[in-house]
Amino acid sequence: MSIGAFARRTRLSAKALRLYDRQGLLTPAYVDETTGYRSYLPEQIEQARTVAMLRRLDMPLAEIAALVRLDGERAAEALAGYWARVEERHAGQRTLAGYLRARLSGRSTTLYGDFEVETVEVPATPVLCETRHLFNEELPPWIDAATGRLERAAEEACGGVTGAPFVIYHAEVTEESDGPAEACVPVADLAAARAWVAAQGRGRDLTARTEPAYRLAYVRITKAQVAYPQIVAAFDAVEEWIDREGLTQAGPCREVYFTDWDAAGPEDDVCDVAYPVRRPRPPLPAAHPHAPLGHPL
């Protein structure tokens, strides 16, 4: 079939077919060495239509080129993986759009109505930790890598993992501020964890310590809401609740990751955004105006 006839059958332009040829998406069955004219086989029509439909899903050309080289089942799995990433991105954008609408309209930027703040008592916990100075774009891969390293160490040398990993933010992590952040994994054997840290040397910013008991105020968020700056709304909600309840922050903010991140969908709950809190200490009683100096009422 000539490129013109093939274009009519596939509803693709000749320009698009030449582009697909250059990208390795759809190679002509024959190219005349003298004229450069391209010819196609009828059985290539289905592949051409598949490529066109993948482009309608906004799949990048490089990914289409890789997909069309796979057999049926593996190609279907590749498409499923691509679309899962698209849905995750769209869910994050939807959350961000809601956050921005609230800001632009002058309503509360905390979106407090979207979050339910709860509290839980957390006992003193031995933890194995890794600290790093890093910027916002570096944070997600580091959290995944650091918690993976710490969990492997906990299982192999520290008696096992005893709770959900969490990340403590000792200072702001943004495009301009590099923290630091501290990834923590609860472990069974603190002495073994300290011995493991000592064996690693000083160059890796590792520690083993006991995280003190505290009351934790938190909101539960979805995978889509974890993305920055959407997650800022969750932190704002907890901070607003703490102020309204007359509490004070008893430590830096943190994120607790309680489920398998890779297996979760965009709308699945994956993380608690939290602050340790306490009741403020009552003021000391005022001295009686007629009491001797230093004499309590």
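This is a predicted model: local features need pLDDT of at least 70, side-chain atom pairs count only at pLDDT 80 or more; totals for chains, interfaces and linings use all residues.

Analyst: Residues are numbered from 1 along each chain as its sequence is written, and side-chain values use heavy atoms, with hydrogens and water left out.

User: What makes helix 1 oblique to helix 3?

Analyst: Helix 1 (residues 3-10) and helix 3 (residues 45-56) pack at about 60 degrees, and their axes are 10 Å apart. Angles under 35 degrees count as roughly parallel, over 145 as roughly antiparallel, 65 to 115 as roughly perpendicular and the rest as oblique. The angle of helix 1 to helix 3 therefore makes the pair oblique. The axes are lines fitted to C-alpha atoms, for helices over the stretch in contact, and angles run from 0 to 180 degrees between N-to-C directions. Helices (H or I, at least four residues) and strands (E, at least two) are DSSP runs, numbered from the N terminus.

User: Which residues make the contact between helix 1 and helix 3?

Analyst: Helix 1 contributes Phe6, Arg9 and Thr10, and helix 3 contributes Ile45, Ala48 and Arg49; contact means heavy atoms within 4.5 Å.

User: Why is helix 1 called roughly perpendicular to helix 2?

Analyst: Helix 1 and helix 2 (residues 14-22) pack at about 100 degrees, with axes 9 Å apart. That angle makes helix 1 roughly perpendicular to helix 2. The contact is formed by Ile3, Phe6 and Ala7 of helix 1 with Ala14, Leu17 and Arg18 of helix 2.

User: How do you know that helix 5 and helix 8 are oblique to each other?

Analyst: Helix 5 (residues 72-105) packs on helix 8 (residues 230-244) at about 55 degrees, with the axes 8 Å apart. Helix 5 and helix 8 are therefore oblique to each other.

User: Why is the pair of phenylalanine 6 and tyrosine 40 called stacked?

Analyst: Three aromatic pairs are found in a search of the whole structure. Rings of Phe, Tyr and Trp (its six-membered ring) pair if their centres lie within 6.5 Å; planes under 30 degrees apart count as stacked, over 60 as edge-to-face and the rest as tilted. The ring centres of phenylalanine 6 and tyrosine 40 are 4.2 Å apart and the planes stand at 5 degrees, so the pair is stacked. Phenylalanine 6 belongs to helix 1 and tyrosine 40 to the loop between strand 2 (38-39) and helix 3, so the pair ties together parts 34 residues apart in sequence.

User: What makes the pair of tyrosine 257 and tryptophan 261 edge-to-face?

Analyst: The ring centres of tyrosine 257 and tryptophan 261 are 6.2 Å apart and the planes are at 70 degrees, so the pair is edge-to-face.

User: Is tyrosine 257 buried or exposed, and what is the class of tryptophan 261?

Analyst: Buried means under 20% relative accessible area, exposed over 50%, and partly exposed in between (1.4 Å probe, protein chains only). Tyrosine 257 has 14% and is therefore buried, whereas tryptophan 261 has 32% and is therefore partly exposed.

User: Why does alanine 217 count as buried?

Analyst: Alanine 217 lies in strand 8, and its relative accessibility is 0%, so alanine 217 counts as buried. Beyond residues up to four places away in sequence, alanine 217 touches several others, including Val117, Trp241 and Tyr275.

User: How do you know that threonine 222 is buried?

Analyst: Threonine 222 is found in strand 8 (residues 214-222). The relative accessibility of threonine 222 is 11%, so this residue counts as buried.
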